[in-house]
Amino acid sequence: MDSAVQSSRGHEGRFRESVPFSAFLRWLGRVSLDRKGGGPGPWSYTVCWALLCLTVISWGGQEVAATEKPVSKSSVIAAEKTYLDDWTEFRGGSMLRGHRTGKTTDHPRLRWIYDAQAAIESTAAIVDSRVYVGTGEKGLIALKLDPATKKGEVLWTFKVEFGIRSSAGVRDGRVFFGDDLGVFWAVDAKRGEQVWKFDTDTGSEIISSPTFFGDRLVFGSYDAMLYCLDRPKGELQWKFPTDGPVHCTPAVSHGYTFIAGCDEQLRTVALADGKQTTALPLGSYSAASPAVLNDRLFVGTLGNQVTCIRWHGG
């Protein structure tokens, strides 16, 4: 067997055996010579280059065909099921890291598209194979999440008077979110029925999403307030005034919550009593939600900066 074929087989079995490469080179040398004069003919360069290019393309295509394995539908669905664990709130957790562990497929495929017939500015929560997402005009929608199907089945819709830009959060069988009229809602996750509502009585939109801690939650509002409610009944525990709209979702860590807003301040507030402990000037408005990693806190501003601070430990 030709040495070139042996070498190719030894290289992780990438090439298929076809025409030995050394034999092709010998033939290429022969046809490069003019039959009459022994020198290269004017036609031979074009022919040889064309054949060489076709051979390289052919071998390249064989390499791809040999290395790429067909992906079965069942393997893709299995990978999706591994990855599609619960995503209960905005950025996936109270420290707003937007990070998760687990596996995902290397071959993502579109499974279905649901047309809400309304703008969607919020992000979805995923719990128990259900998707909860707010819309601009159609209220909160619950969809069945099944990677094996090719459509998003509507389970229920909860209508509100104005739009929803607050991303839903799910805890203990309830979905929590705010609306553009300044009302914060708790809805039964299975039936889509109201459990309770809290009205800020300001009419200012709530774009901030809920962040959970214990049996309570916190969220910001465009009325320049940070609110803390208890989850079972929606009763106000405390509210903290700022000097501008609170667009962000609060981050929570080690008994404190962190907010940045249109007052150009990064604030640390104690969860126990709603009292501010520190305020750091940012030098610009911020619509970003802070993220916490260990003793560091990160937030971006509309002044084209990302600020990192050590929020405790000196």
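1. Contact here means heavy atoms within 4.5 Å. In this predicted model, Val183 is in contact, apart from its neighbours within four places in sequence, with Phe177, Gly178, Lys197, Phe198, Asp199 and Ile206. Val183 belongs to strand β7. Its relative accessibility is 6%; because buried means under 20%, Val183 counts as buried. One of its contacts, Ile206, stands 23 residues away along the chain, and the two C-alpha atoms are separated by 7.5 Å.

2. The chain as a whole may be summarised next. Its secondary structure comes to four helices and 19 strands. Of the 314 residues in the chain, 42% are buried. Among contacts with a separation of 6 or more, 43% are accounted for by residues 24 or more positions apart. The accessible surface comes to about 17200 Å², and carbon and sulfur atoms contribute 53% of that surface.

3. Which order do the strands of the four-stranded open sheet follow? The order is β5-β6-β7-β8, and the pairing is antiparallel. Strands β5 (169-171) and β8 stand at the edges; each has a single partner strand, so one side of each is left without a neighbour in the sheet. From one strand to the next, the twist averages 20 degrees.

4. Phe184 has Phe198 in β8 as its bridge partner, and Ala186 stands opposite Trp196 in β8. The reader may wish to locate these pairs together with Val183, which lies in β7 and has Phe198 among its contacts.

5. β7 and β8 form a hairpin, with five residues between the two strands. Gly192, in the turn, has a positive phi of about 75 degrees. For comparison, most residues other than glycine have a negative phi.

6. Asp201 is placed in the loop between β8 and β9 (211-213). With a relative accessible area of 66%, Asp201 is exposed, because the term exposed applies over 50%.

7. Asn294 likewise has a positive phi, near 60 degrees, in a residue other than glycine. Where does Asn294 lie? Asn294 is in the loop between β17 and β18. At 56% relative accessibility, Asn294 counts as exposed.

8. β17 and strand β18 (residues 296-300) are paired in the antiparallel sense over three bridges. In this pairing, Val292 stands opposite Leu297 in β18.

9. A nonpolar patch on the surface is formed by Leu293, Phe298 and Val306, which together have about 280 Å² of accessible area. Leu293 lies in strand β17. Is Leu293 buried, exposed or partly exposed? At 40% relative accessibility, Leu293 counts as partly exposed, because this class covers values between the 20% limit for buried and the 50% limit for exposed.

10. Finally, Tyr114 is placed in the loop between α4 (73-83) and β1 (125-127). Which residues does Tyr114 contact, leaving aside neighbours within four places in sequence? Its contacts are Ile141, Leu143, Gly152 and Val154. Tyr114 and Gly152 are 38 residues apart in sequence, yet 5.6 Å apart in space from C-alpha to C-alpha. Tyr114 counts as partly exposed, at 28% relative accessibility.

Technical notes
Residues are numbered from 1 along each chain as its sequence is written. This is a predicted model: local features need pLDDT of at least 70, side-chain atom pairs count only at pLDDT 80 or more; totals for chains, interfaces and linings use all residues. Side-chain values use heavy atoms; hydrogens and water are left out. Two strands pair if DSSP finds at least two bridges between them. Buried means under 20% relative accessible area, exposed over 50%, partly exposed in between (1.4 Å probe, protein chains only). Accessible areas come from the Shrake-Rupley method with a 1.4 Å probe; for residues, only the protein chains shown count as cover. Patches are made of residues with over 30% relative accessible area and no salt bridge: like charges are joined within 9 Å, nonpolar side chains (Val, Leu, Ile, Met, Phe, Trp, Tyr) within 5 Å. A salt bridge is a side-chain nitrogen of Lys or Arg within 4 Å of a carboxyl oxygen of Asp or Glu. Axes are lines fitted to C-alpha atoms, for helices over the stretch in contact, and angles run from 0 to 180 degrees between N-to-C directions.
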